[in-house]
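This briefing goes through one protein model and the ligand it holds. Please look over the sequence and the structure before reading on.

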Amino acid sequence: MTDDRTNILEMRGITKTFPGVKALQDVTIHVRRGEVHAICGENGAGKSTLMKVLSGVYPHGTYDGDIVFEDEVVSFRDIRDSEAKGIVIIHQELALSPYLSIAENIFLNNELKGPLGLIDWNKTNHEAASLLARVGLRENPTTKVRDIGVGKQQLVEIAKALSKRVKLLILDEPTAALNDEDSDHLLNLILHLKEQGITSIIISHKLNEIKKVADSVTVIRDGKTIETIAKTDVTEERIIKDMVGRDLEHRYPDHTPHIGEEIFRVEDWTAHHPQDPSRVMVDAVNLDVRAGEIVGIAGLMGAGRTEFAMSVFGRSYGSRISGRVFVKGKEVKTRTVAESIENGLAYATEDRKTFGLNLIDDIKRNISMAALGKLERFGIVDDGKEFQVANEYRKSMNIKAPSVLAKTGKLSGGNQQKVVLSKWIYSDPDVLILDEPTRGIDVGAKYEIYSIINKLAAQGKGIIVISSELPELLGICDRIYALSEGRITGELPIAEASPESLLKLMTMEKPR
Ligand SMILES: Nc1ncnc2c1ncn2[C@@H]1O[C@H](COP(=O)(O)OP(=O)(O)OP(=O)(O)O)[C@@H](O)[C@H]1O
Ligand SMILES: [Mg+2]
C-alpha cells in the first residue's frame with residue numbers, strides 16, 4: 001500500500017528566465033500521490049511556465065532547480081520524455097487537429113499498428129471507443145474533432161492522456177472555455193480519475209472550481225511560491241489575498257449608470273449556418289443599447305451569442321444574413337469588418353488566437369492595428385506616437401511584458417486578452433461588443449477590466465457584454481438579454497435579474 005502522504009512530485013528551487021523576464025524564481029512545490037493539486041496566481045505569475053518546465057516543453061538545461069518524480073531526479077529533453085514517465089500536459093490552448101477524427105487525434109504520433117506496420121483502424125477505433133467511455137464522452141470515434149464543441153474536445157484530450165498511461169495529469173485552465181455543464185463533467189472526471197489513482201495538477205482562475213476539486217492549492221505570485229494551502233484551510237479570500245498580495249473587498253466596482261439616447265439597434269437579425277443553410281443560428285433578433293448603458297447577453301453554449309456578434313460585425317456568416325443595424329439612429333452597413341469599424345462598432349472576440357491578435361507581431365502594433373488611421377501623418381504611421389499610445393495602455397491595463405515591443409505570442413494568456421481589449425478600446429468605437437472579456441483573466445485583473453468597462457460607459461459608449469458567467473453579468477450590467485436557440489427569450493433590467501430568472505430564459509425552448 002502506498003502511503004498517501006508520499007509525494008509523487010517535487011519541484012525544487014525552479015528558476016526560469018526569458019530575455020528580460022524572470023518568469024520563475026526559486027519555485028518549490030510538492031504534489032502528493034493521488035491528490036488534485038491546484039496552482040493559482042495572477043496572469044503572468046508563471047503557472048504555465050512552471051508546468052512547461054515540468055513536462056519538458058522547456059528542456060532540462062534551460063532552467064535551474066530539480067524535478068523529482070517518483071523519488072527519482074528527472075531531466076527531460078522534451079515532452080516525449082516526460083510522457084514516457086507518465087506525465088501528460090493538456091495546454092491552455094487546445095492542440096487537437098480539427099480535420100482528424102477523434103480516434104486519429106487520440107493516437108496521433110502513437111499509432112496502433114498491425115503486423116505489417118500499417119495503422120490498424122479497427123483497433124484504433126475500438127480502443128478509442130473504450131477510452132471515450134472512460135471519460136464519459138458519447139461520440140463516434142470517427143467523428144472529426146472540428147465537429148464537436150470545446151467541452152468535448154477537452155475530454156478527447158483527456159482520453160488521449162489516458163491512452164498514454166498517465167500518472168500525473170496536468171490541466172492548464174481546462175474549463176476556461178467551457179460552459180457550466182461541461183465544466184462540471186470535467187471536474188467530476190478529474191475526481192473520478194483520482195479514485196483510479198491518477199494525480200492531477202490543475203490551473204484555473206475559477207476559484208469556486210478549485211475549492212470544489214483541489215486537495216491543496218499552491219499560490220504563486222510574480223514567479224515566487226507564496227504558500228501551499230491544505231483543503232481544510234482553502235477559502236477564496238485566502239487564495240485571492242495570496243495572489244494579489246492584499247485583500248480584495250469587492251469583486252465588482254461601483255457603477256452608477258448615466259443612460260442617454262439609443263446608440264445601437266439591431267432589427268430582425270437572422271443568420272444561417274455557413275455550411276448548412278437550413279440551420280438558423282440567429283433567429284430574428286431585436287436588441288438595442290443606449291449611450292452609457294452596459295447590456296449583457298446571457299445564453300448557454302450554442303445559443304448563438306457569438307454567431308450574433310460575429311455576423312453583426314461582418315466577420316462571418318456573410319452570405320446568409322438579413323436584418324438591419326442602426327448606430328445613433330442611422331442605418332449602417334456592416335457586411336465587412338472594415339465597414340463595421342468605419343461605422344463605429346468594435347468586437348473583441350472570445351477567440352483571441354484566431355481572430356483577436358497577430359501573435360508574431362508586437363504589443364504595440366496589435367494595439368494600434370484597428371485604428372492605424374489615427375496614427376498616420378501623410379499616410380505614414382508615426383512610430384513614436386504608436387509607441388507612446390501602446391505604453392499608455394500597457395500601464396492602464398497593467399499588461400505584464402518587458403516592453404511594448406514584446407511579441408504578443410510570448411505573453412501569458414490573460415495578458416494577451418488585455419492586449420485584445422486595448423486594441424478595441426483604442427479604436428474608439430461608439431459601440432463595443434465584448435465577447436467573454438474576462439475569460440482566463442485573474443480576479444484582480446477582472447476588477448480592472450470592469451472598471452475600464454464602466455469608464456467607457458461613462459464616456460457615453462454603448463457596451464454589450466457576452467458572458468457565460470452569470471455573476472459577472474449580474475455584477476456589471478444595467479440590463480440583460482437572454483438568448484436561447486438563436487432567439488431572444490427575454491430581457492431583464494438589472495433590478496429584476498437573478499441567476500434563476502436568467503437561467504429560466506436561457507433554457508426556454510422553441511415551441512415545436
Ligand atoms: N516564451 C516566452 N518568452 C518570453 N517570455 C515569456 C515566454 N513565456 C512566458 N513568458 C513570460 O513569463 C511570465 C509568466 O508567464 P506564464 O505564461 O507562465 O503566466 P501564467 O501564470 O500562466 O499566466 P496566465 O494566467 O495569464 O495564463 C510572463 O511575464 C510571460 O510574459
Ligand atoms: Mg497560463
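How far from an oxygen atom of ligand 1 does a polar side-chain atom of Ser412 lie? The distance is 2.8 Å. The protein covers 90% of the 630 Å² of accessible area that ligand 1 has on its own. The model is a predicted one, and the points below are grouped by topic.

**The ligand and its surroundings**

- Ligand 1 sits in the second largest pocket.
- There are 20 residues around ligand 1, and those that come nearest are Gly44, Lys47, Thr49, Ser412 and Gly414.
- By type, the shell around ligand 1 consists of 6 nonpolar, 10 polar and 4 charged residues.
- In the side chain of Asn43, an N or O atom is 3.0 Å from an oxygen atom of ligand 1.
- Lys410 takes part through its backbone, where a polar atom is 3.4 Å from an oxygen atom of ligand 1.
- At least two residues of the shell come from each of β2 (21-32), α1 (47-54) and α14 (413-426).

**Helix α1**

- With 3 residues, α1 gives the most to the shell around ligand 1.
- Helix α1 is largely enclosed by the rest of the structure, because 7 of its 8 residues are buried.
- The buried residues of α1 are Lys47, Ser48, Thr49, Leu50, Met51, Val53 and Leu54.
- After α1 comes Gly56, which has a positive phi, near 85°.

- Most residues other than glycine have a negative phi.
- Asp71 is not a glycine, yet its phi is positive, near 65°.
- Asp71 is found in the loop between β4 (64-69) and β5 (72-74).
- Asp71 counts as exposed because its relative accessible area is 72%, and the cut-off for exposed is over 50%.
- Arg165 is not a glycine either, and its phi is positive at about 55°.
- The loop that holds Arg165 runs between α5 (150-163) and β7 (168-172).
- Arg165 has 70% relative accessibility, so this residue counts as exposed.

**Ser130 in helix α4**

- Ser130 has its place in helix α4, which covers residues 121-135.
- Is Ser130 buried, partly exposed or exposed? Its relative accessibility is 43%, so Ser130 counts as partly exposed.
- From C-alpha to C-alpha, Ser130 and Pro141 are 9.6 Å apart in space, and they are 11 residues apart in sequence.

How values were computed
Residues numbered from 1 in each chain as written. Chains lettered and ligands numbered in written order. Predicted model: local features only at pLDDT ≥ 70, side-chain atom pairs only at ≥ 80, totals over all residues. Heavy atoms only, no water. Near = heavy atom within 4 Å. Polar contact = N/O pair within 3.5 Å; in protein donor to acceptor, adjacent residues only side chain to side chain. Areas by Shrake-Rupley, 256 points an atom, 1.4 Å probe, with all protein chains shown as cover. 1 Å grid on protein atoms, 1.4 Å probe; cavity = no way out; pocket = protein on both sides within 12 Å on 5 of 7 lines; lining within 4 Å. Sits in = over half its atoms within 2 Å of the grid points. Helix = DSSP H or I, 4+ residues; strand = E, 2+ residues; numbered from the N terminus. Nonpolar A, V, L, I, M, F, W, Y, C, P; charged D, E, K, R; others polar. Buried < 20%, exposed > 50% of the residue type's maximum accessible area, 1.4 Å probe, protein only.
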